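Please go through them with the model open beside the text.

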Amino acid sequence: MSDTPKIRIRDLHMAFGGNRVLQGLDLDVAPGDSLVVIGGSGTGKSVLLKCILGLLAPQQGSIQVDGQEVVGLRGDELEAVRHKIGMLFQSAALFDSLSVWENVAFGLIHAEKTPRKEAREVALRRMAEVGLKPQVADLMPAELSGGMKKRVGLARAITTEPEIIFFDEPTTGLDPIIGAMIDKLIVEATRAVGATGLTITHDMASARRISNRMAMLYEGRIIWDGLTEDVDNSGNPYVEQFINGRAEGPIEMKIQDHFG
Amino acid sequence: MIPVLQPLGRTFLVFLEAAGRLALFTGEAVSHCLRPPFYPRAVLRQILDIGYYSLPVVGLTAIFTGMVLALQSYTGFARFSAESAIPNVVVVSITRELGPVLAGLMVAGRVGAAMAAEIGTMRVTEQIDALTTLATNPFKYLIAPRLIAATFVLPILVLIADIIGVFGGYLVSTYKLGFNGATYISNTIEFLEFQDVFSGLVKAAVFGFLIALMGCYNGFHSRGGAQGVGAATTNAVVSASILILSFNYLITEAFFAR
Ligand SMILES: Nc1ncnc2c1ncn2[C@@H]1O[C@H](COP(=O)(O)OP(=O)(O)O)[C@@H](O)[C@H]1O
Ligand SMILES: [Mg+2]
């Protein structure tokens with residue numbers, strides 16, 4: 001049974017009214033993998049993660065987490081699946097009415113009913129792992145810089161030791177040095193809790209640092225996936241255009257089609 | 001005919017859809033108020049926010065209302081030499097109507113708006129999604145504590161407003177209109193019926209629920225950044241105010257129309 005994928009998606013369709021965002025997407029994430037899904041802005045990368053978390057209900061298709069179907073799941077069963085998954089949001093999404101340590105310890109206190117004192121100690125350890133000093137613990141999120149917010153968000157995502165961690169554009173909006181630091185922390189933290197990683201980004205440098213596998217999302221489907229070291233020889237014109245950041249190529253042709 | 005009916009029909013459908021969505025939201029919210037787990041910490045914080053910090057504005061509203069009520073009744077009743085009815089008029093108007101309605105409207109402006117803004121911001125900055133990924137139900141953690149606290153706290157606020165309002169009437173009557181203080185108080189107590197105060201407190205509980213419901217509903221469904229949050233805030237206050245005034249009529253009719 002060890003080859004049951006951690007996440008297995010088949011023929012996923014998700015539309016908002018007439019806006020068909022995902023159109024028959026297939027994807028497998030094996031246990032222990034760090035898969036990065038690359039794709040342009042607005043191609044539905046965040047929508048994909050929200051479908052897996054059960055925050056959006058797809059019109060058609062199947063999503064399995066550890067072999068369990070998630071689409072249509074409700075109540076306690078859905079919450080049990082969510083408990084396996086940690087997520088770092090694009091804007092960190094820290095709770096701004098709670099202090100830093102309460103943010104980090106949130107899953108322990110509320111989902112696992114850990115006593116607050118104990119939860120605080122675990123939170124401080126997690127914060128140390130992502131390079132945050134104990135003095136930060138009692139600050140409010142509004143007092144932090146963007147890079148520090150990301151670190152707190154990362155610490156919050158790993159405190160409950162989830163089996164799967166999602167990263168939504170972890171480096172977007174950060175300067176290259178802080179971005180590289182966050183990437184390093186993501187790799188270390190994921191390894192430390194032994195989690196499977198699924199990252200979405202349009203930052204190729206970051207994607208190469210984090211991933212051992214990559215997949216490209218385009219027009220609602222995964223049009224290429226493979227090992228990270230093969231991405232430069234994919235032979236796929238869309239992938240080549242994207243990773244080299246060229247203005248000319250099949251992707252631009254499509255954009256012109258839309259306006260023409 | 002058709003061009004007139006078409007937009008009418010469409011508006012009606014949109015209205016039905018909104019009403020259905022609100023009904024579902026209310027049902028889910030209430031069911032989470034009744035089932036564990038509860039978040040006592042969150043409820044206490046809301047009680048403090050809604051109750052304690054609303055005291056100044058509700059107190060000021062009540063005292064001026066009581067004062068003006070005494071003054072206006074005097075100018076009216078002096079024409080019939082019926083000045084002795086003033087204590088009665090003041091206490092009945094305040095406990096039955098003005099206490100709950102004015103406190104409700106003030107709290108809707110203060111607390112309903114703040115709830116919509118806070119929950120709306122949490123929605124557009126993905127904090128509500130983050131709650132869900134941390135296996136915490138936003139209905140339980142965000143909405144139920146607000147509904148419980150508001151329903152519980154508004155009657156207490158209104159009781160305090162009643163007392164302050166009557167005191168306002170007393171001040172004006174004794175210092176300005178020449179009433180005897182002891183007579184004013186004994187008249188007030190003599191005429192007051194349990195039903196007057198009780199109906200006001202029932203109104204207060206209903207208004208508290210409506211204020212929190214509108215704040216949470218509009219915040220929870222806000223879309224599209226700062227502008228969406230602004231619209232949610234306005235909608236929360238306007239819809240809560242209209243609901244307060246219409247439910248005020250319905251409850252009054254249920255209590256007193258015989
Ligand atoms: N809740 C929603 N309601 C309606 N449309 C949405 C919603 N979420 C995303 N979309 C639409 O789906 C498309 C993909 O969005 P998203 O997944 O956020 O893109 P990205 O790949 O940049 O993360 C966009 O066109 C967006 O407008
Ligand atoms: Mg996105």
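1. Ring pairs join F95(A), F106(A), Y39(B) and Y141(B) into a cluster; rings of Phe, Tyr and Trp (its six-membered ring) are taken to pair if their centres lie within 6.5 Å, with planes under 30 degrees apart called stacked, over 60 edge-to-face and the rest tilted. Over all chains, the structure holds 15 aromatic pairs.

2. On provenance, this is a predicted model, in which local features need pLDDT of at least 70 and side-chain atom pairs count only at pLDDT 80 or more, whereas totals for chains, interfaces and linings use all residues. Residues are numbered from 1 along each chain as its sequence is written, chains are lettered from A and ligands numbered from 1 in the order in which they are written, and side-chain values use heavy atoms, with hydrogens and water left out.

3. F25(B) and F139(B) form a tilted aromatic pair, at 5.2 Å centre to centre and with 50° between the planes. The pair links distant parts of the chain, 114 residues apart, with F25(B) in helix α1 (residues 2-34) of chain B and F139(B) in helix α6 of chain B; helices are DSSP runs (H or I, at least four residues), numbered from the N terminus. F25(B) is buried at a relative accessible area of 4%, and F139(B) is buried at 9%, where buried means under 20% relative accessible area, exposed over 50% and partly exposed in between (1.4 Å probe, protein chains only).

4. The ring centres of F255(B) and F256(B) are 5.9 Å apart and the planes meet at 40°, so this pair is tilted. F255(B) is buried, with a relative accessible area of 15%, while F256(B) counts as partly exposed at 24%.

5. Which residue lies over the face of F256(B)? R96(B) does, at 3.8 Å from the ring centre, and R156(A) lies over the face of F95(A), at 4.6 Å from the ring centre; the criterion is that NZ of Lys or CZ of Arg is within 6 Å of the ring centre and within 35 degrees of the ring normal.

6. The second largest pocket has a volume of about 600 Å³, a pocket being an open set of points on a 1 Å grid over the protein atoms alone, where a 1.4 Å probe fits, with protein on both sides within 12 Å along at least five of seven lines, and lining residues having an atom within 4 Å of a point. Of its 22 lining residues, the closest to the centre are L98(A), H110(A), R41(B), A42(B) and Y141(B). α2(B) gives the most to this lining, with 5 residues.

Methods. Grid points are joined across faces, edges and corners, and a volume is the space filled by probe spheres set on the points. Helices (H or I, at least four residues) and strands (E, at least two) are DSSP runs, numbered from the N terminus.
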